[in-house]
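Trainee: Could you go through this one with me? I'd like to start with the overall picture and then move on to the details.

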Amino acid sequence: MLVNRVVTRLPIILSLTLLLPQLAPAKRLAPVKVDPVIYEGISYVAPNDDGRQGYIEAWNVGTNKRLWEVTLFTNRIDPNLEEDVQWVFIKALNIHDGRLTVTSENGQTYQVDVNTKTITQSDSRSCHRREPFVMCPTQSKRP
């Protein structure tokens, strides 16, 4: 009698076991902490507080006032997938001759002229807004 109950419930138990991993929420690890870069009295930081966009801020080291913010890329989110696993963050900042190099987690590299705030994308991949999960320079500048 007990064996019959187990055998009849076995397909249900198997189905639930296979479905449980799909029902568990997907979570990504926290983004890496990106050290600020200081150049000619200005600190350039990547706050990494929003995985839907990658942006940098420029701060005056002497006054600790924010000078400007530039959004480098936006990350399109597929509403049918868990959002946080689609986020992309900035992983590195470097500066050389007035050009800030910004590298994202997925390998995209952006150059920002710190005087004009002009953004160029160094990665050879094309940037098409219709393709999901492709990040594109937005040229958004905020004072």
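Trainee: What share of the contacts with a separation of 6 or more comes from residues 24 or more positions apart?
Mentor: Such pairs account for 43% of those contacts in the protein, and please keep in mind throughout that this is a predicted model.

Trainee: Which elements does the protein have, and how do they run from the N terminus on?
Mentor: There are 1 helix and 9 strands, and the order from the N terminus on is α-β-β-β-β-β-β-β-β-β.

Trainee: And in what order do the strands of the open sheet sit?
Mentor: The open sheet has 4 strands in the order E5-E6-E7-E8, with antiparallel pairing. Strand E5 (90–96) and strand E8 (119–121) each have a single partner strand, so one side of each of these edge strands is left without a neighbour in the sheet. On average, neighbouring strands of this sheet are turned by 20° against each other, direction ignored.

Trainee: Over how many bridges do E7 and E8 pair?
Mentor: Strand E7, residues 109–113, pairs with E8 in the antiparallel sense over 3 bridges, and Tyr 110 stands opposite Gln 121 in E8.

Trainee: What does Leu 100 touch, leaving out residues up to four places away in sequence?
Mentor: Leu 100 touches Tyr 44, Ile 56, Leu 93, Asn 94, Ile 95, Tyr 110, Gln 111, Val 112 and Val 114.

Trainee: How much of the protein counts as buried, and what about its surface?
Mentor: Of its 143 residues, 32% count as buried, while the accessible surface comes to about 9300 Å², with 57% of that belonging to carbon and sulfur atoms.

Trainee: Where is confidence lowest, and where is it highest?
Mentor: The mean pLDDT of the protein is 80, with 67% of its residues at 70 or more; confidence is lowest in strand E9 (residues 140–142), at a mean of 44, and highest in E2, at 98. Over residues 124–135 pLDDT stays under 50, and the model has 32 contacts beyond four places in sequence for this stretch. Residues 138–143 also have pLDDT below 50, with 21 contacts in the model beyond near neighbours in sequence.

Key. Residues are numbered from 1 along each chain as its sequence is written. This is a predicted model: local features need pLDDT of at least 70, side-chain atom pairs count only at pLDDT 80 or more; totals for chains, interfaces and linings use all residues. Side-chain values use heavy atoms; hydrogens and water are left out. Two strands pair if DSSP finds at least two bridges between them. Helices (H or I, at least four residues) and strands (E, at least two) are DSSP runs, numbered from the N terminus. Axes are lines fitted to C-alpha atoms, for helices over the stretch in contact, and angles run from 0 to 180 degrees between N-to-C directions. Buried means under 20% relative accessible area, exposed over 50%, partly exposed in between (1.4 Å probe, protein chains only). Contact means heavy atoms within 4.5 Å. Accessible areas come from the Shrake-Rupley method with a 1.4 Å probe; for residues, only the protein chains shown count as cover. pLDDT is the predictor's confidence in each residue, from 0 to 100.
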